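The following questions and answers go through a structure step by step, from the chain as a whole to a single residue.

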Number of protein chains: 2
Amino acid sequence: MQITLNSPLDMHLHLRDGEMLKLVAPLSAKYFSWALVMPNLSPSIKTKEDIIAYKTRILEATKWEQFIPYMSVFFQKNLNYEILKELKNEILVVKMYPDGVTTNSSWGVKSIDLWEIGHIFEAMQKLEIPLSIHGETNDFILDREKNFLPTYELLASTYPKLKIIMEHITNKESISLLKKYDNLFATITLHHLSITLDDVIGWMLCPHNFCKPIAKTESDRQALLALALEADEKIMFWSDSAPHPKEKKESWNGSAGVFTAPIILPMLVELFEKHNKLENLEKFISKNAQKIYGIQAVKKEIILEKKDFLIPDMYGNVVPFFAGKIISWSVKE
Amino acid sequence: MQITLNSPLDMHLHLRDGEMLKLVAPLSAKYFSWALVMPNLSPSIKTKEDIIAYKTRILEATKWEQFIPYMSVFFQKNLNYEILKELKNEILVVKMYPDGVTTNSSWGVKSIDLWEIGHIFEAMQKLEIPLSIHGETNDFILDREKNFLPTYELLASTYPKLKIIMEHITNKESISLLKKYDNLFATITLHHLSITLDDVIGWMLCPHNFCKPIAKTESDRQALLALALEADEKIMFWSDSAPHPKEKKESWNGSAGVFTAPIILPMLVELFEKHNKLENLEKFISKNAQKIYGIQAVKKEIILEKKDFLIPDMYGNVVPFFAGKIISWSVKE
C-alpha cells in the first residue's frame, strides 16, 4: 500500500545555524516542499541582510532544489511601514515572541502596548504581512497560553484585516478563541497531537518530550486531534521541530524543544490512517497553509509506503521524538 | 548568632542500600536524632527478617550512636493481626504505596478494597500502628493527590482510631481534608516548601527539582508554608530525601526524587527566620512528631550558626537540592 502526499509544508521550523543547520536542514528538505523558518537564532534575525544571509546558508545546507525556505523576521519595536515594505518580499510573516518564553527569545517584547507599537500592526495589516505569535505569558507554566488569549483577542479585534497566527496551540480554550475571529488562524504540532504532560513528568522525567508550550491534558490533546483530523481550514500543520544536542536535553538544565523533522510524515500518515481520515491529511499539511498565506507551493510528491520504520536513536548528536518506536509507514526513498 | 535545635527528626527518609546507603546515611545521622526509614528497596522490606537486616546495615553505615533509624514495612495484602503483632516492636508505621507511583513502588496496592483488606486496618487500629500513605492515584499528574483524597476520607471515617499519615502533601485540597478528621496527620517536605512546578518545567527542565508528588502552584506552596511556619500540631516535617546518582537524574528517562538530607537544617532555619517564626521550628521538626507517634526522641543537640553555607555541587555521585546556592546558616561542625 502506498500514499502520495503533494507538497507537504512545514509552517514552523527551527533550523538553527552552523553545524546543527547542516545536520537538520537536509532532513526537512528531503520530505517537505517548503518550510517557514523561525528567526530565533542568537543573535536573532532582524534585518534584510540577516534574512538574506541566513536564507543563503539554509540553501547551501539543503542542496535541494525543490525545497524553499520561507523566512520570518523577529518582531522589534523599531519596525515601521518603510522597513516592513522593504522586508515584504523577503518574509512570509513577522514573528513575535513575548520575552523569555523559549530558546533565544530574550529579545522579545515584554508586553503588547498598542499605544506604543500599534502602528507596526497597522503597517502589517496594510502590507498584508501576517503576524505569527508564540502566544504565552510568563505566568505559571500551565496558565501561560490561556493567559495570553486576551492579547490575541485585543489584536484580532483591533486589526480585523491582520492575519494572526496562533502558534502551536495546545488547549481547548485556544480552540474556542480561534473560532471566534475570522482573522485568527492556528498551527498544531505533531508532538502536541501525540503526548500529554504525563509523557513529560508523569512517570519518569522525559526530556525528549519537553517542549514549549508544554503538553497539556488528554482532553486538550483529543480536542486538538479532532481539529487536525478534520483539517479545519483555520488550522495548519507545523512541526516546531527544534533540535538540541543530546547533552543539552539530558542535562541539569535541559533545553525545551523536540526534534520531529525526519519522522513527521510517517507519524502523521499513521495517525490519520488510524482514525480513517487519510483523505484530510493533504489539507492539514499543505492546502490550508497555501490558502491562508495566499501562496502556491512548489510541486513535490512524497510517497509513503506501508512498511515498518524504526525511528533511529539518534540523528547526529540529536535524539529524535519517539526514538526507538516503530511506525507502520515509511517514506519511500 | 547561634541557634540550638533539640533532637531534629526526619519522619520520611530514603536511605537506599549498598554503596548509596553508605554515602547518604551518615549525612542524615550527622544532623538528625532519628529518622523513619522507607521500605521501598528492590525488593521491598516486607518481613521481620528484612527489617532487622536492613536496620543493621543502616546502623553499620551510620556508625553514629545518637542516630536511631525507625523502620517501616511495606503494606501487603497478606498482612494480618498475628504478623502485625510480631512486627509491632520493629516498626513505627506500615507504609502503603499505590501501585507504580514512585521508585520501586510496583509492589504496591492497586486499589483500596475494604472488603478485602479492611481486617488489616482493623488490626493496625487495635495494635495502634499508624498507617502512612503515599496518597496518589495514577491519573493525570496534577490530579493524582487530589483524586486520592476520597480514599483518605474513606479510611479516616471507617477507622477513626487508626492514625493515618498523609505523606508529603502538596496542595490546598489536602490541607482542607487534613483539618476535617482528627485521625489524619500530614507531613511536609522542604522541597515542597521551596519550589513550584515552574522550577521543574517552567523555564529550563530541572531534573534535580523533579519529585513525586510533583510540586504544584505558588498558592499551594504558600498554603503549605503557612501551615509549616505555624507548626500546626497535625503537621510533621519529613525530608523525603531521595538520592539518585547524577546520571540517573540527568537522563533520557530521569528518576523522581530530590536529595535534601545534608541541607535541610540550614535551609529550614533560614526559611523560619525569614518569616520570624524561628520559635516554631522545633515543633515542626521534632515535637509534633514525638506527640503524634507517642515516642520520645533521643536527646541530641544540633547547633547552627549564622554563617554562609555553600551547598556543594555533589555529594559523592549525587547532586543535592539547590546545588550551588548559598544559605545564610550552617551547622556548627
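A residue counts as buried if 20 or more other C-beta atoms lie within 10 Å of its own, with C-beta atoms placed from the backbone. The model discussed here is predicted.

Q: What percentage of the 333 residues of chain A count as buried?
A: The cut-off for a buried residue is 20 or more other C-beta atoms within 10 Å. Applied to the 333 residues of chain A, this criterion gives a buried share of 51%.

Q: How does the radius of gyration of chain A stand against the globule rule, and what is its value?
A: Chain A has 12 helices and 13 strands. For 333 residues the globule rule gives 20 Å, and the radius of gyration of chain A is close to that, so the chain is as compact as a globular protein of that length. Along its principal axes the C-alpha trace spans about 55 × 40 × 40 Å, while the radius of gyration itself is 19 Å.

Q: Which helix of chain B gives the most to the side of chain B that touches chain A?
A: On the two sides, 23 residues of chain B are in contact with 23 residues of chain A. The side belonging to chain B divides into 13 nonpolar, seven polar and three charged residues. The greatest contribution to that side, four residues, comes from the helix spanning residues 198–202 of chain B, namely α8.

Q: Are α1(B) and α2(B) roughly parallel or roughly perpendicular to each other?
A: Helix α1 (residues 18–31) of chain B packs against helix α2 (residues 48–62) of chain B with axes 8 Å apart and at an angle of about 70°. Leu21(B), Lys22(B), Ala25(B), Pro26(B) and Ala29(B) are the residues of α1(B) that meet Arg57(B), Ile58(B), Ala61(B) and Thr62(B) of α2(B), and by class this contact has six nonpolar, one polar and two charged residues. Because angles of 65 to 115 degrees count as such, the two helices α1(B) and α2(B) are roughly perpendicular.

Q: Is Glu250(B) buried or exposed?
A: Glu250(B) is placed in the loop between α10 (246–249) and α11 (264–274) of chain B. Leaving aside its neighbours within four places in sequence, Glu250(B) is in contact with Glu250(A), Ser251(A), Trp252(A) and Pro207(B). Because Glu250(B) has 22 C-beta neighbours inside 10 Å, this residue counts as buried.

Notes. Residues numbered from 1 in each chain as written. Chains lettered and ligands numbered in written order. Predicted model: local features only at pLDDT ≥ 70, side-chain atom pairs only at ≥ 80, totals over all residues. Axes fitted to C-alpha atoms, helices over the stretch in contact; angles between N-to-C directions. Parallel < 35°, antiparallel > 145°, perpendicular 65-115°, else oblique. Contact = placed C-beta atoms within 7 Å. Nonpolar A, V, L, I, M, F, W, Y, C, P; charged D, E, K, R; others polar. Buried ≥ 20, exposed ≤ 12 C-beta atoms within 10 Å, placed from the backbone. Rg over C-alpha atoms; globule rule 2.2 N^0.38 Å.
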